[in-house]
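Trainee: I am new to this structure and would like to learn how to read it feature by feature. Could you show it to me, and then take my questions one at a time?

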Amino acid sequence: MKIEWAPLEVPLERRRQTFAMAFFILSFMVLSLGSYVLVAALLIYGGLVWRSLMVIYLVYVYANHRRTHSIMDGNGWKINRNNWLFRHYRDYFPVQLIKTADLPPNKNYILASFPHGVLATGISINMGLDISKWLELFPQVRPKVATLDQNFLTPIVRGLLRSWGLVSVSKDALVYLLSKSNDPEHKDNRDGFTSNAVAILVGGAQEALDSHPGKYILTLKNRKGFVKMAIRTGASIVPTFSFGEVDIIDQLANPPNSKVRRFQDFVKRITGISPLIPVGRGIFNYTFGILPNRRRIVQVVGAPIDVVKSDEPDAAYVDTIHKQVIEDLEKMFARYKDLYIPNAKQSKLVIH
């Protein structure tokens, strides 16, 4: 295999972007694993003081999560969601955000987000790490990204996730956020924002398993929980599609019924997490590594689908709204793929 090395003469700005991308991804990977190692080491090898502090901290994490679902109200500290590192991380790909309709701040929203891809990079940057563009396009609407509930029991990392606007995808957390008052005078809206927009990666771990460059395979036909949640809370559903999300990084070949896929399905059933093996680039080469490639991602935010609020969603009504979400996604893909996907004629939308 011939290795394609990165050239020595690269513009300084591109080097900064590559540094930001590599630093963020690698440091987060190390922190995710290292936090457990650190806590375990302190509990096993630490003195009485360290052991006591760790026990108190772990009890606090568990109790706080049970009581508040680890939700940070408002947008948090601005410096955590709009800074030099995350702006360069955005520009590395680059990641863009396209508005097709207004999101009035007098209601709350579920952003039904597709595709998941390997890293869910587009939605994470636009609505989590660097929200400057979002706030420009959708003023007074707080962006939130829902992720697995167990992530908020991870020591140390949970604090970072909360500071970036990530929230639990659990039923209780979503009801709390989507039932918030939109009254400007309400005490929860003293920050000048009156609406919450929660992005849910509906396809989740299953959709991530199907992510390969050029293949837009969505897991949606049997995913109706987000529709029921919208009806129960009265939140509007906003279909959103991240073109290019699947192209930034590949994964080890895992066709259905292969040994790799069977192992991944087994782990996913137990943990809810897909054990993906990324295939990308390195810091100094373009041939192999676990880092994403420099490919454009364009997140298109569709028009809101209003629902009639009901504590007991009718099955037929759920199916009607669900069908509309699918139709809107199909129209969005057909309308914008030629603008935002290379070799668009060869790209097809498959919905499972």
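Trainee: Where is aspartate 247 found?

Mentor: Helices and strands here are DSSP runs numbered from the N terminus, a helix (H or I) having at least four residues and a strand (E) at least two; aspartate 247 is found in the loop between S7 and strand S8 (250–251). Please keep in mind that this is a predicted model, in which local features need pLDDT of at least 70 and side-chain atom pairs count only at pLDDT 80 or more, while totals for chains, interfaces and linings use all residues. Residues are numbered from 1 along each chain as its sequence is written, and side-chain values use heavy atoms, with hydrogens and water left out.

Trainee: Is aspartate 247 buried or exposed, and which residues does aspartate 247 touch?

Mentor: Buried means under 20% relative accessible area, exposed means over 50%, and partly exposed lies in between, with a 1.4 Å probe and protein chains only. Aspartate 247 has a relative accessible area of 18%, so it counts as buried. Contact means heavy atoms within 4.5 Å, and, not counting residues up to four places away in sequence, aspartate 247 touches Pro213, Gly214, Tyr216 and Arg295.

Trainee: Which backbone atom does the side chain of aspartate 247 reach?

Mentor: A polar contact is a pair of N or O atoms within 3.5 Å; within protein, one must be able to donate a hydrogen and the other to accept it, and residues adjacent in sequence count only if both atoms are side-chain atoms. Here the side chain of aspartate 247 reaches the backbone nitrogen of glycine 214 at 2.7 Å.

Trainee: What does the side chain of serine 35 reach?

Mentor: Serine 35 is found in helix H1 (residues 12–45), and its side chain reaches the backbone oxygen of proline 155 at 3.3 Å. With a relative accessibility of 1%, serine 35 counts as buried. Once neighbours within four places in sequence are left aside, its contacts are Val30, Thr154, Pro155, Ile156 and Val157.

Trainee: Which residues of helix H9 are buried, and what do they pack against?

Mentor: As a general idea, an α-helix has 3.6 residues a turn, so residues three or four places apart point the same way. In helix H9 (residues 225–233), the buried residues are Phe226, Val227, Met229, Ala230, Ile231 and Thr233. The buried residues of H9 pack against strand S2 (109–114), helix H7 (171–178), strand S5 (195–201), strand S7 (236–243) and helix H11 (315–340). Just after H9, glycine 234 takes a positive phi of about 80°.

Trainee: How many residues does the largest nonpolar core have?

Mentor: A nonpolar core is a set of buried Ala, Val, Leu, Ile, Met, Phe, Trp, Tyr and Cys residues joined through side-chain atoms within 4.5 Å. The largest has 42 residues, and those with the most contacts inside it are Phe226, Ile237 and Phe241. H11 gives the most to this core, with 9 residues. Apart from it lies another core, of 40 residues, among them Ala120, Met127, Leu161 and Leu291.

Trainee: Where is tyrosine 336 placed, and which residues are in contact with tyrosine 336?

Mentor: Tyrosine 336 has its place in helix H11 and is buried, with a relative accessible area of 11%. Leaving aside neighbours within four places in sequence, tyrosine 336 is in contact with Thr100, Phe243 and Val300. Tyrosine 336 and valine 298 are 38 residues apart in sequence and 9.8 Å apart in space, C-alpha to C-alpha.
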